[in-house]
Amino acid sequence: MTIANDKNARFNMAYQQIRPWDVCDDQVLDVIMDLPREQFVPHAYRSLAFADMRIPLGHGQVMMEPKLEARMLQSLAIKPDDQILEIGTGSGFITACLATLGNTVTSYDIHDAFIQTAEEKLSRQGIDNARLHLGNAFGAELPAEGFDAIAVTGSLYQYSDYLEQFLAPGGRLFLVVGRSPVMEAMLITRQGDKFVQDYLFETDFPPLELLPQPSGFSF
């Protein structure tokens, strides 16, 4: 594709795929259109960068379909001064979106290959406010009440309140909970000392790795 064709494809993706899926936030649509998603897709799948499908990344992981990426971003309502935690760096595309919308991003992934390629891609886009870490975020030393937004890019078998402790007042947490083929996307919002749960939509997404099975899911 030429640069002009890529831009047209991103525009069509935003307004023909994403917007009809209840994504009306112009800020989200703009960042989806402005960032070159095709640069974050593995080269073998570059021709599918704008398709309404998940793209294999290796290690059994996938890149979300664009409409799910956009719904997650819209739900988190990122503000320019937000400190953000991302669990699951993957391709680095969501990292780039979060970093463009917010202040800083702290991102964790257990696969070194993902961290290395994401760092390269972010650098090419001039994004320098994302810090990528190799490791399991659920075992990392994270600052209590340290994040205005937390994006979990893989599913959990059932909800755990573990991540609530890391939300700043007014903070938002997006995650997908359940078992295939029917899961629920959730938004948890901290309101004072309360954590309000909203169920957003049904979906199906691969689980995070290195999490206990449901019978032992506790932190």
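User: Let's start with Lys 194: is this residue buried or exposed?

Analyst: Buried means under 20% relative accessible area, exposed means over 50%, and partly exposed is in between (1.4 Å probe, protein chains only). Lys 194 comes out exposed, because its relative accessible area is 63%. You'll find Lys 194 in strand β9. Its C-alpha atom is 9.5 Å from that of Pro 169, 25 residues apart along the chain. Keep in mind that this is a predicted model, where local features need pLDDT of at least 70 and side-chain atom pairs count only at pLDDT 80 or more, while totals for chains, interfaces and linings use all residues. Residues are numbered from 1 along each chain as its sequence is written, and side-chain values use heavy atoms, with hydrogens and water left out.

User: Which strands does β6 pair with, and how?

Analyst: Strand β3 (residues 83-87) pairs with β6 in the parallel sense, over four bridges. Glu 86 stands opposite Ala 151 in β6. Strand β6 (residues 147-156) is also joined to strand β7 (residues 167-179) by six bridges, and these two run parallel. In β7, Ala 151 has Phe 174 as its bridge partner, and Ser 155 has Val 176. As for burial, 10 of the 10 residues of β6 are buried, so β6 is largely enclosed by the rest of the structure.

User: What about β7 and β8?

Analyst: Those two run antiparallel, with eight bridges joining β7 to strand β8 (residues 182-191). They form a hairpin with two residues between them. The bridge partner of Phe 174 in β8 is Leu 187. Pro 181 sits in the loop between β7 and β8, and the peptide bond from Ser 180 to Pro 181 is cis, with omega near 15°. In β7, 10 of the 13 residues are buried, so β7 too is largely enclosed by the rest of the structure.

User: Now a helix. Which residues of α5 are buried?

Analyst: An α-helix has 3.6 residues a turn, so residues three or four places apart point the same way. In α5, the buried ones are Phe 114, Ile 115, Ala 118, Lys 121 and Leu 122. They cover an arc of only 135° around the axis, which puts them on the same side of α5; the arc is that of the directions from the helix axis to the C-beta atoms. On the other side of α5, Ser 123 and Arg 124 are exposed. Among the elements covering the buried residues are α4 (93-101) and β4 (104-109).

User: What is a nonpolar core, and which residues touch the most other members?

Analyst: A nonpolar core is a set of buried Ala, Val, Leu, Ile, Met, Phe, Trp, Tyr and Cys residues joined through side-chain atoms within 4.5 Å. The largest one has 50 residues, and Ile 32, Leu 76 and Leu 98 touch the most other members. Its largest share, seven residues, comes from α4. A second, separate core of 21 residues includes Leu 156 and Phe 166. Back in α4, eight of the nine residues are buried, so this helix is largely enclosed by the rest of the structure.

Terms used
Contact means heavy atoms within 4.5 Å. Two strands pair if DSSP finds at least two bridges between them.
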